[in-house]
Amino acid sequence: MPPSSRSRRRISAAGTGQTDTREAVAEYQRMLDLYPDSAFAEQARTRIVEARQSLARSEFLAGYFYQRTRELCRASIARYQVILKDYPDYRELDEVLFRLAECLQSTGRGPEALPHLARLLEEYPKSSFLSPARELMAAAAAAPPPPSPAPSPAPAAPSPAPEKPEASPSPAA
């Protein structure tokens with residue numbers, strides 16, 4: 001059973017919305033589950049990889065858009081973290097690590113950027129982001145730690161309940 005042309009169209013239209021791409025991945029996976037030894041199994045696996053790259057790229061572009069045009073690093077951080085979690089095989093993960101570290105640094109969370117930068121330096125020795133990553137790492141390491149929140153005041157001891165006057169016995173009639 002060949003992968004449908006409908007699935008292929010879903011992936012090619014991935015730039016506009018990712019629902020079709022997710023459905024294409026599910027359809028290809030379903031085909032592999034039903035027909036693992038099919039002549040089309042390798043083609044389905046290849047297309048799953050392509051679709052997952054497209055999904056990851058879409059997340060990256062949204063995060064980068066927020067970071068550069070809107071200066072909304074919190075939104076960018078969320079997008080970049082999705083890529084690290086859901087698409088660890090993304091081909092441009094070195095840039096994701098760098099952009100995530102940039103956003104963390106710019107939001108005052110420099111120490112959180114350090115592990116991502118260290119990973120970039122260790123896992124991607126030929127990355128074009130090595131030099132800026134080293135500079136960012138030095139800045140993040142030199143940044144003062146974020147201020148700790150002020151301690152909460154200790155809860156006040158409950159005040160004793162006012163004493164009720166004792167009821168006097170009523171005269172028996």
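Residues are numbered from 1 along each chain as its sequence is written. Local features need pLDDT of at least 70, side-chain atom pairs count only at pLDDT 80 or more, totals for chains, interfaces and linings use all residues, and side-chain values use heavy atoms, without hydrogens and water.

Start with confidence. The chain averages a pLDDT (the predictor's confidence in each residue, from 0 to 100) of 85. At least 70 is reached by 73% of the residues. Helices here are DSSP runs (H or I, at least four residues), numbered from the N terminus. Over residues 9–15, pLDDT stays under 50. Where pLDDT is low, the predicted coordinates should not be read in detail.

The largest nonpolar core has 34 residues. Such a core is a set of buried (under 20% relative accessible area, 1.4 Å probe, protein chains only) Ala, Val, Leu, Ile, Met, Phe, Trp, Tyr and Cys residues joined through side-chain atoms within 4.5 Å. I83, Y90, V96, F98, L117 and L120 touch the most other members. Helix α5 gives the most to this core, with 8 residues. Leaving aside neighbours within four places in sequence, V96 is in contact (heavy atoms within 4.5 Å) with F60, Y80, I83, L84 and Y90.

Finally, look at α3 and α4. Their axes, lines fitted to C-alpha atoms over the stretch in contact, come within 7 Å and cross at roughly 160°. That makes α3 roughly antiparallel (over 145 degrees) to α4. Residues meeting across the pair include F60 and Y64 in α3, and Y80 and I83 in α4.

Methods
Buried means under 20% relative accessible area, exposed over 50%, partly exposed in between (1.4 Å probe, protein chains only). Helices (H or I, at least four residues) and strands (E, at least two) are DSSP runs, numbered from the N terminus. Axes are lines fitted to C-alpha atoms, for helices over the stretch in contact, and angles run from 0 to 180 degrees between N-to-C directions. Angles under 35 degrees count as roughly parallel, over 145 as roughly antiparallel, 65 to 115 as roughly perpendicular and the rest as oblique.
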